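Q: I am new to this structure and would like a close look at a single part of it. Please keep the account plain.

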There are 2 protein chains.
Amino acid sequence: MNIGQAAKASGVSAKMIRYYEQIGLIPPADRKDSGYRDYSDADVHMLRFIRRARDLGFAVAEINALLGLWRDRSRQSADVKRVAAAHIEELREKIASLQQMVDTLQDLVDCCAGDNRPDCPILANFEEAQDGPQAAHPSAGLKRLSR
Amino acid sequence: MNIGQAAKASGVSAKMIRYYEQIGLIPPADRKDSGYRDYSDADVHMLRFIRRARDLGFAVAEINALLGLWRDRSRQSADVKRVAAAHIEELREKIASLQQMVDTLQDLVDCCAGDNRPDCPILANFEEAQDGPQAAHPSAGLKRLSR
DNA sequence: GATGGGGCTTCCCACCGTTGGAAGGTCAAG
DNA sequence: CTTGACCTTCCAACGGTGGGAAGCCCCATC
């Protein structure tokens, strides 16, 4: 199976499949004599797994952990649950931070006449507001996975 | 005033100040004979404005628009309001998408025993789930601002 | 057998915002 | 004069994804 077929079957673009291979998230694909990558149904299955995890917002490094658990038939579901719960927590924090922005902005917007006069509490706030929260950023990067 | 002072006073890092200048979000700073950038209180004021806007999640392109309105003494508050409202909408969509992930994941986590056995509904779902939503992506990039 | 078209290969570049570092010039205090 | 803190420019990286060029491969059709 060529990379294009695997892409269609898994929902992961050919570009991303090559990228995942490059960073070591997935093992190097077999090659045909022509040099073309050759994918099995099992490979596609794995790609679908990855796609699902990405759709749920897992970062590549987290997916790497999940893939490890997935392949490990003697895993403990507690480990999977822990990874998922941690991710939920990250998502909730992101949501809270975004929601905070929305609340602040909505207050400002509600105070703004929104007419043809120049006076605007939104701009006024932007001018005057003191040092903000400068939201802690996540970091936790992956440089190169396994291998 | 050196860039370091301006950074401290505005809450925008020196690195970012140079970057904002480079992409044209802010005009090139005056230079002293030494070649050092020289900032006025007005410059710092503008940087604080930018910082506030970034803290509220505005993208650089949006800040560019806001800065234009800020400088325009004959602006109409309706224009500002429109930009802010549009941004709120973006934020809400992002939140909704994140919340959707949380909901799905929470259901899965709730179903997971989280013990020492390998059976895990989370992994099972990742294996089986059909084609997901593949969330529409925002795009709308800034290549180079003004000038 | 030749030609064409579509898929595959690798490679580099872009996005966005931010941080880090290297190599060198400047400034102020000791 | 030396030291150290600051400034300058340039280059690279991070996450993940898409775009495109140059060249090879495979298959079908003439």
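How many residues does the contact take from chain A and from chain B?

A: This is a predicted model, in which local features need pLDDT of at least 70, side-chain atom pairs count only at pLDDT 80 or more, and totals for chains, interfaces and linings use all residues. Residues are numbered from 1 along each chain as its sequence is written, while chains are lettered from A and ligands numbered from 1 in the order in which they are written.

The contact takes 52 residues from chain A and 52 residues from chain B; two residues are in contact if their C-beta atoms, placed from the backbone, lie within 7 Å. On the side of chain A that touches chain B, helix 3 (41-55), helix 4 (60-71), helix 5 (77-111) and helix 6 (121-128) of chain A each supply at least two residues. Helices here are DSSP runs (H or I, at least four residues), and strands are runs of E of at least two, numbered from the N terminus. Helix 5 of chain A gives the largest share of this side, 21 residues. Sorted by class, the side of chain A that touches chain B has 27 nonpolar, 13 polar and 12 charged residues. Ala, Val, Leu, Ile, Met, Phe, Trp, Tyr, Cys and Pro count as nonpolar, Asp, Glu, Lys and Arg as charged, and the others, Gly among them, as polar.

A residue is near a strand if its C-beta atom, placed from the backbone, lies within 6 Å of it. Of the 22 residues around DNA strand D, those that come nearest are A:S34, A:V60, B:N2, B:G4 and B:R37.
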